[in-house]
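Please look over the sequence and the structure below before reading on. The report then goes through them part by part.

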Amino acid sequence: MDNLTHSLVGWVLAETGLKRRTRKGLAACVLAANMPDIDVFFGWASWAPLAMHRGFTHGLVGGVLLMPPLLAGLLWLFDRWQASRGATFRSGLPMRFGWLLALCYLGALTHPLLDLQNTYAVQLLSPTSGRWFHTDGLFIVSPWLLAIMGLGLWLAWRWKSAKPAVAALAGVIGFIALNIGISAMAWDAPRQNDSAFNPDRIFASPEPLLFWRRDMIWRQAGRIFYGRYDPLHDPAGLVSAEHPITDNMADPLVRKAAVATPEVVKFLAWSQLPMARIERQGCSAVVTFGDARFTGPRLSRNFNVSARVPADCPAR
């Protein structure tokens, strides 16, 4: 999810009354809700789980277990530094480190739970496993979620009450649960059109405004399939399906290119639906890799990486 959504979730949590538990309570909730995205600054790291976006810092070990105490410690030290300089705190609240730590844990937990909702997915078990998890419950920037939380925060400020924030939090949970249910139906919808349906990966991406609709994409037997799902049109089957395309990942040239450069290796470690285009040029070939979730069948968008490898020379 986008960082505005993460921030609003932390803010809504704080406005339910949790920010009154300790000084720096609001900061703990909002900063912890964004903290796992620190991995964007470590793409250069030699340790793959840290360099991978939505890897170690988004997992149950790194993001949920280890990082919250670090944030709590930094906030506590900052508070001590302010106090040593004679700062006065308008909230009038005492510093309770136990509550500060608890709020950092709670805020940090919301981050992977939200990122789990979209097709980008999360490596929840990093670094022990590179498996990606996703529920396909939300578009990566959900205007509905922003509206629910924005209204709740505005009413909480206007009424000077925690009840609107509690209601907004309940609304967010209900909205996500509804969409996970829709995606669960969408995952099974292709079976209505194809009795041999047995994908090894499948994604159901929600639309941003018409949230009940899904752009379907799945892989089966080395082919990529695309379809559309709308439960208001047909809750059991697809509205439309396109002719599948071969992902080319079993081609010998593609296998060679898959380990040709560090950039390709890193891309394929992240990609969950990799596909390749082969362009032969004399005695070599340029292999372009993309991820079927984010690039078209022709790999015409910019979200891809290429490598040149030797190939058999054409007969003269």
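What follows describes the chain as a whole and then some of its side chains.

## Basis of the model

This is a predicted model, in which local features need pLDDT of at least 70, side-chain atom pairs count only at pLDDT 80 or more, and totals for chains, interfaces and linings use all residues. Residues are numbered from 1 along each chain as its sequence is written, and side-chain values use heavy atoms, with hydrogens and water left out.

## The chain as a whole

The protein chain has 10 helices and eight strands. Helices (H or I, at least four residues) and strands (E, at least two) are DSSP runs, numbered from the N terminus. Taken along the principal axes, the C-alpha atoms fill a box of roughly 85 × 50 × 30 Å.

Of the 316 residues in the protein chain, 47% are buried. Buried means under 20% relative accessible area, exposed means over 50%, and partly exposed is in between (1.4 Å probe, protein chains only). A contact means heavy atoms within 4.5 Å. Among the contacts in the protein chain with a separation of 6 or more, 58% are between residues 24 or more positions apart.

## Salt bridges

A salt bridge is a side-chain nitrogen of Lys or Arg within 4 Å of a carboxyl oxygen of Asp or Glu. By this rule the count comes to 12 salt bridges. One of them joins Asp79 to Arg23, with the closest N and O atoms 2.7 Å apart. This pair links distant parts of the chain: Asp79 is in helix α4, and Arg23 is in the loop between α1 (3-15) and α2, 56 residues apart. Both Asp79 and Arg23 are buried. A network of salt bridges links Arg23, Lys24, Asp79 and Arg80.

Asp200 and Arg219 also form a salt bridge, at 2.6 Å from N to O. Asp200 lies in the loop between α8 (190-193) and β1 (201-206), and Arg219 lies in strand β2 (residues 214-220), 19 residues apart. Asp200 counts as partly exposed because its relative accessibility is 45%, whereas Arg219 is buried, with a relative accessible area of 18%. In a further salt bridge, the side chains of Glu279 and Arg277 meet at 3.6 Å, N to O.

Asp37 lies in the loop between α2 (25-34) and α3 (48-51). The side chain of Asp37 makes a polar contact with the side chain of His111 at 3.2 Å. A polar contact is a pair of N or O atoms within 3.5 Å; within protein, one must be able to donate a hydrogen and the other to accept it, and residues adjacent in sequence count only if both atoms are side-chain atoms. Leaving aside neighbours within four places in sequence, the contacts of Asp37 include His6, His53, His58 and Asp115.

## Aromatic rings

Rings of Phe, Tyr and Trp (its six-membered ring) pair if their centres lie within 6.5 Å; planes under 30 degrees apart count as stacked, over 60 as edge-to-face and the rest as tilted. A search of the whole structure finds 12 aromatic pairs. Among them, Phe78 and Trp81 are stacked, at 6.0 Å centre to centre with 20° between the planes. Both lie in helix α4 (residues 60-84), three residues apart, about one turn of the helix. Phe78 counts as partly exposed at 40% relative accessibility, and Trp81 is partly exposed, with a relative accessible area of 47%.

The ring centres of Tyr120 and Phe294 are 6.1 Å apart and their planes are at 40°, so this pair is tilted. Tyr120 is in the loop between α5 (97-115) and α6 (143-159), Phe294 is in the loop between β7 (284-291) and β8 (304-310), and 174 residues separate them. Ring pairs link Tyr120, Phe267, Trp270 and Phe294 into a cluster.

## Charges over rings

A charge sits over a ring if NZ of Lys or CZ of Arg is within 6 Å of the ring centre and within 35 degrees of the ring normal. Arg23 lies over the face of Phe89, 4.0 Å from the ring centre. The charged end of Arg293 sits over the ring of Trp270, 5.1 Å from its centre.
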